[in-house]
Amino acid sequence: MAVKGEGPRLADYHLHTPRCGHARGEMRLYVERALELGLEEVGFADHFPLLHLRDPHLTMDLEEVPLYIADIEELRRAFPGVPIRLGIEADFVPEEAERLGELLSRYPFDYVYGSVHYLDGWGFDDPRYIDGYGDRDLHEIYRRYFQVLGDAAECGLFDILAHPDLVKKFGFRPEKDITDLYEDCLGRIAASGLAVEVNTAGLRKPVREMYPHPDFLRRCRELGIPATLGSDAHAPEEVGADFDLAVLMLKEAGYEEIVLFEGRKRRPMPL
Ligand SMILES: [Zn+2]
Ligand SMILES: [Zn+2]
């Protein structure tokens with residue numbers, strides 16, 4: 001990671017907080033780490049409550065959302081001059097999309113990430129349910145994943161798709177080339193006008209690879225899909241992790257800028 005004053009201006013838009021039940025470290029420490037790294041802007045995007053199940057180890061409760069927002073307001077007062085965005089990461093579960101939209105509209109988010117962590121009720125990226133890979137065909141899992149991701153893009157609730165090829169998290173991949181499996185999904189993302197996230201957390205997971213794969217990102221660029229940058233930090237020391245590699249990958253894909261959000265409006269920031 002570049003030290004302060006050098007390298008490109010960057011923003012980490014994917015920071016979690018202990019409210020989700022599986023992250024640690026006070027929010028203030030995340031911001032301090034970002035400033036230490038010379039980041040221009042930060043955004044918290046903790047997990048929005050799941051509507052199809054309740055699990056205190058996955059998300060905050062609905063009653064906590066106003067407290068999360070108050071935390072951000074307090075941080076803004078503690079760090080005047082530092083742009084601290086109020087984001088959220090919401091799960092796309094088709095049956096709950098209408099209710100989710102109604103709930104999201106109540107809050108003044110700067111941006112909303114849409115995430116696919118569930119395929120027809122199966123939490124495919126949760127180590128507790130990893131056995132599910134044994135009962136299913138990998139090609140079919142990937143096909144279904146990109147179909148649901150396309151549905152998420154089209155549902156109109158989200159500004160950014162988080163970790164767009166999360167399905168590879170554990171390193172299980174179909175033997176044959178998967179580019180044809182996501183081509184349709186990419187067209188749907190481009191037509192819906194969303195951004196995709198370059199998320200460095202994949203490097204810290206069994207797959208040991210950025211989300212998304214460089215080939216996927218190159219196609220995004222060709223289709224004019226904007227990109228954001230996020231570490232998916234669940235601890236202060238993960239803020240800005242491997243952003244040097246992410247910037248390299250973005251540039252190799254042809255990107256000259258990332259995008260920032262404020263009040264759900266997008267603007268570019270040159271890399
Ligand atoms: Zn998380
Ligand atoms: Zn996620």
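Gly43 stands opposite Arg85 of strand 3 in a predicted model. The two strands concerned, strand 2 (residues 41–47) and strand 3 (residues 84–91), pair in the parallel sense over six bridges. Here two strands pair if DSSP finds at least two bridges between them, and the elements themselves are DSSP runs, with helices (H or I) of at least four residues and strands (E) of at least two, numbered from the N terminus. Residues are numbered from 1 along each chain as its sequence is written, while chains are lettered from A and ligands numbered from 1 in the order in which they are written. Local features need pLDDT of at least 70 and side-chain atom pairs count only at pLDDT 80 or more, whereas totals for chains, interfaces and linings use all residues.

On its other pairing, strand 3 is joined to strand 4 (residues 111–115) by five bridges, and these strands run parallel. Asp91 stands opposite Ser115 in strand 4. Two right-handed β-α-β units involve strand 3: one consists of strand 2, helix 2 (residues 65–78) and strand 3, and the other of strand 3, helix 3 (residues 97–104) and strand 4. A crossover is right-handed if, with the strands pointing away from the viewer, the path from the first strand over the helix to the second runs clockwise.

Eight of the eight residues of strand 3 are buried, a residue being buried if 20 or more other C-beta atoms lie within 10 Å of its own, exposed if 12 or fewer, and partly exposed in between, with C-beta atoms placed from the backbone. In a regular strand the side chains alternate between the two faces of the sheet. Both faces of strand 3 are covered, with Ile84, Leu86, Ile88 and Ala90 buried on one side and Arg85, Gly87, Glu89 and Asp91 buried on the other.

Val196 in strand 6 is the bridge partner of Leu161.

The largest nonpolar core has 67 residues, and those with the most contacts inside it are Tyr113, Ile160 and Leu161. Such a core is a set of buried Ala, Val, Leu, Ile, Met, Phe, Trp, Tyr and Cys residues joined through C-beta atoms within 7 Å. Apart from neighbours within four places in sequence, Ile160 is in contact with Tyr111, Tyr113, Leu194, Ala195, Val196, Glu197 and Thr228; a contact requires C-beta atoms, placed from the backbone, within 7 Å.

In helix 7 (residues 243–252), the buried residues are Phe243, Ala246, Val247, Met249 and Leu250. These cover an arc of only 160 degrees around the axis, which puts them on the same side of helix 7; the arc is that of the directions from the helix axis to the C-beta atoms. The buried residues of helix 7 pack against strand 6 (195–199), helix 6 (214–222) and strand 7 (227–230). Lys251 and Glu252, on the other side of helix 7, are exposed.

Strand 8 (residues 257–262) and strand 9 (residues 265–270) pair in the antiparallel sense over six bridges. The bridge partner of Glu257 in strand 9 is Pro270. Two residues lie between the strands of this hairpin, in which Gly263 takes a positive phi near 55 degrees.

Positive phi values also occur in residues other than glycine. Asp120 has a phi near 50 degrees and lies in the loop between strand 4 and helix 4 (138–154). Asp120 is exposed, with 9 other C-beta atoms within 10 Å. Arg208, likewise not a glycine, has a positive phi of about 55 degrees and is placed in the loop between strand 6 and helix 6. Arg208 counts as exposed, with 9 C-beta neighbours inside 10 Å. Pro212 is also found in the loop between strand 6 and helix 6, and a cis peptide bond with omega of about -5 degrees joins Tyr211 and Pro212.

Notes: Two residues are in contact if their C-beta atoms, placed from the backbone, lie within 7 Å.
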